[in-house]
Amino acid sequence: MTVTPDGERVLFLRTRSGTDPSGGLWVREADGGEHLLADPAVLQAVAGSGPAEPTPEEAARRERDRDLSTGVTGYAVDDAAELAVLALDGALWAVPARPGRGGPFPVPAAGPAVDPRLSPDGRLVAYVTRGALHVVRTDGTGDRRLAGPGEGEAGKVTYGLTDHVSEESLGRARGHWWAPDGRALLVARVDNTDVCVRFLGDPADPARAPRPQHYPEAGTANADISLHLLRLDGTGTEVDWDRRAFEYVAAAGWDAHGPLLTVQSRDQRTLLTLAVDAATGATRELERQHDQHWVELLPGAYCRTASGALVTARESEDTRRLCVGGHVVTPPALQVSGVLGTDGETVLFSASEDPLERHVWSWSPEAGTVRISDGPGLHSAVLRGGTTVLHSLTPDGPRVTVLRDGTAAGTVRSLVEEPSLRPRPELLTLGERRLRSALFLPSWYEPAAPDSSPLPVLLAPYSGPGMQLVVRARIWHALVAQWFAEHGYAVLVTDGRGTPGRGPAWEKAVRGDQFTPVLEDQADALRAAAAARPYLDTARVGIQGWSYGGALATAAVLRHPETFHAAVAGAPSIDPRLYDTHWKERFLGHPAEHPENYDRCTLTRDAHLLRRPLLLVHGTADDNVAFAHTLRMSAALLAAGREHSVLPLPGQSHIVGDPVTAERLLPAQLLFLDKALRT
């Protein structure tokens, strides 16, 4: 969501209904009226077939944008929020951001447009096509290429885009930023020449050529990233920092105080924030952070307030704390999870006093730290011009509230479908480590009834970095857990060591071994829950998960068959050497320096241990956790003579996008579990 400088309007993306996956650009006015500014169906009808095919990198970005929705998946505005730009199927559009100012109009581009960004004054659009950064006037005239791949660099070098690791692991989705005066841009050059190449194809469509993907596997070369100050007069300057020592570009931008850059070392133990001289490209160190394990990147941080105070994070007293201008401004035990933005000297951020909730807070020199959101849930927000828009995921579903000068001034309507069942979790704190867990029982089950029989147990964790499932909110996972419960299972979800929300020591307890402590937590939670609930049948325990959760489910039946009696493993990361550099090296180190950590977490080495039913489920076109993980696990199990099942999902990526496949997937898993645990 975007709030206009005067706080009077809110721009946002929304579909027409909860069954329509195609998003459009909307505006909410001060009187509460909502207007559709850009209808994707209309734009697509006008554009027809659209521009020519994009490069593989540009196509991959589009596909990632569409994992959960179609239509308009992103937009950018000028400083006054009077004009928006967006790319739809490669066509470039400008959209007046006030109702009654005219409808969307096409902006001719040199090719399929990706990630358009308006200049602050709204006169120019910067966009990327075929790996080159272009600038064009919003009236469609004066298109010119500022920088692009040289001879022989096509398909390997891009300007203005991010790289795979930055987008997937560091959270930096952008590759170009306008100067405040609109006369220059800070631009990322990404050279994938030395990066491993994978080929993503669909075995169900053998006539279709596979798509190459630059994917830096753990221990191999990352993309070579440099930053350049490109001026509209045709001159340019490269930004100077020790790129060999600090090869990750974690954050970048350009504010009233000049360009700003945050870089991280390959071992992730050192993080530098640098001020950039806009004339010479020279850099000056503003802050250096170091940690013996890794410096955790704080989403949205590494920015400045209006006065130039740097906003970062510090870890002290086992708390990730907000730091403004070199001073820690939040108390111990308030775990900061992200910076949501700045407005003048006010910093908006998200943080948790209780790991089951995430609230919106503000800090300013005058008021100090103030909590803005209220009520249980996961809350986020944007702030500008005295208007705060709170986006809250509550136990009753999503809610968007508009606050004007701290007072409720209305809502933005949510059109999410109401689910056909309601999650009924019992929130628990279990065992010596006070594990946060949620227990889901069938709505029809009465444990004390004389004719009630014990329930088989299904553990449904993710329990990995970056995601919490045990929260006071109606998240998708709670709906799925209740669905399994309604079919006769007691579903137990536990956030163990390695998950966020409980402090740096809890998160970093998995350094060197991502399975042993996590499996201990799952088993301890099961025992503690069952000790007080005799209706939990610990002789019939399944475990189900996706991605890291799928790997955890696989490890559970391989290494602890005495506790876990069946597993469904979706898109499991079986071999850490096949995953990307930044994500895996954060937890396991460099494979050349710490091969034992990778061996310990490579599940094919344990294939001979399988004694329990195991179902492997995987999309054949997964560009995150490659289908090769499941194929290698299956091959190792076959070589060891271990019976198992494999369910390939043709054409699906890491997120299952086809609605029919998604609908049929849950019953298929349920059937497998019923056969394993009920017969």
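This is a predicted model: local features need pLDDT of at least 70, side-chain atom pairs count only at pLDDT 80 or more; totals for chains, interfaces and linings use all residues.
**Exercise 1. A strand and its neighbours**

Work out how many residues of strand S16 (residues 184-191) are buried, and which strands are joined to S16.

*Solution.* 
- Step 1: Start with burial. In S16, 8 of the 8 residues are buried, so the strand is largely enclosed by the rest of the structure.
- Step 2: Look at each face. Ala184, Leu186, Ala188 and Val190 are buried on one side, and Leu185, Val187, Arg189 and Asp191 on the other.
- Step 3: Find the partners. Strand S14 (residues 157-159) runs antiparallel to S16 and is joined to it by 3 bridges; here Tyr159 stands opposite Arg189. Strand S15 (residues 176-178) is also antiparallel to S16, with 3 bridges, and Trp177 has Leu186 as its bridge partner. Strand S19 (residues 224-231) is joined to S16 by 8 bridges, again antiparallel, and Asp224 in S19 stands opposite Asp191.
- Step 4: Check the turn. S15 and S16 make a hairpin with 5 residues between them, where Gly182 has a positive phi of about 75°.

**Exercise 2. The sides of a helix**

Which residues of helix H4 (residues 476-486) are buried, and why are they on the same side of H4?

*Solution.* 
- Step 1: List the buried residues of H4: His477, Ala478, Ala481, Gln482, Phe484 and Ala485.
- Step 2: Consider their directions. These residues cover an arc of only 160° around the axis, which puts them on the same side of H4.
- Step 3: An α-helix has 3.6 residues a turn, so residues three or four places apart point the same way.
- Step 4: See what they meet. The buried residues of H4 pack against strand S38 (435-440), strand S39 (455-459), strand S40 (490-495) and helix H11 (659-678).

**Exercise 3. Into the core**

Find which residues have the most contacts inside the largest nonpolar core.

*Solution.* 
- Step 1: The largest nonpolar core has 83 residues, and Val491 and Phe515 have the most contacts inside it.
- Step 2: Helix H7 gives the most to this core, with 8 residues.
- Step 3: Among the residues it touches are Ala438, Leu458, Ala481, Phe484 and Ala485. Of these, Ala481, Phe484 and Ala485 are buried residues of H4.
- Step 4: Another core, of 26 residues, lies apart from the largest one; Ala309, Val324, Val329 and Leu334 are among its residues.

**Exercise 4. Rings and charges**

How many aromatic pairs does the structure hold, and what parts does the pair of Tyr462 and Tyr548 tie together?

*Solution.* 
- Step 1: The structure holds 8 aromatic pairs. In one of them, Tyr462 and Tyr548 are edge-to-face, 5.7 Å centre to centre with 65° between the planes.
- Step 2: Tyr462 is in the loop between S39 and H4, and Tyr548 is in helix H7 (residues 548-559), so the pair ties together parts 86 residues apart in sequence. Both tyrosines are buried.
- Step 3: The charged end of Arg14 sits over the ring of Trp26, 4.2 Å from its centre, and Arg198 lies over the face of Tyr215, at 3.7 Å from the ring centre.

**Exercise 5. A loop with a positive phi**

Is Ala571 buried or exposed, and where does it lie?

*Solution.* 
- Step 1: Ala571 lies in the loop between S42 and H8.
- Step 2: With a relative accessible area of 1%, Ala571 is buried, since buried means under 20%.
- Step 3: Ala571 has a positive phi of about 45° although it is not a glycine. Most residues other than glycine have a negative phi.

Technical notes. Residues are numbered from 1 along each chain as its sequence is written. Side-chain values use heavy atoms; hydrogens and water are left out. Buried means under 20% relative accessible area, exposed over 50%, partly exposed in between (1.4 Å probe, protein chains only). Helices (H or I, at least four residues) and strands (E, at least two) are DSSP runs, numbered from the N terminus. The arc is that of the directions from the helix axis to the C-beta atoms. Contact means heavy atoms within 4.5 Å. Rings of Phe, Tyr and Trp (its six-membered ring) pair if their centres lie within 6.5 Å; planes under 30 degrees apart count as stacked, over 60 as edge-to-face and the rest as tilted. A charge sits over a ring if NZ of Lys or CZ of Arg is within 6 Å of the ring centre and within 35 degrees of the ring normal. A nonpolar core is a set of buried Ala, Val, Leu, Ile, Met, Phe, Trp, Tyr and Cys residues joined through side-chain atoms within 4.5 Å. Two strands pair if DSSP finds at least two bridges between them.
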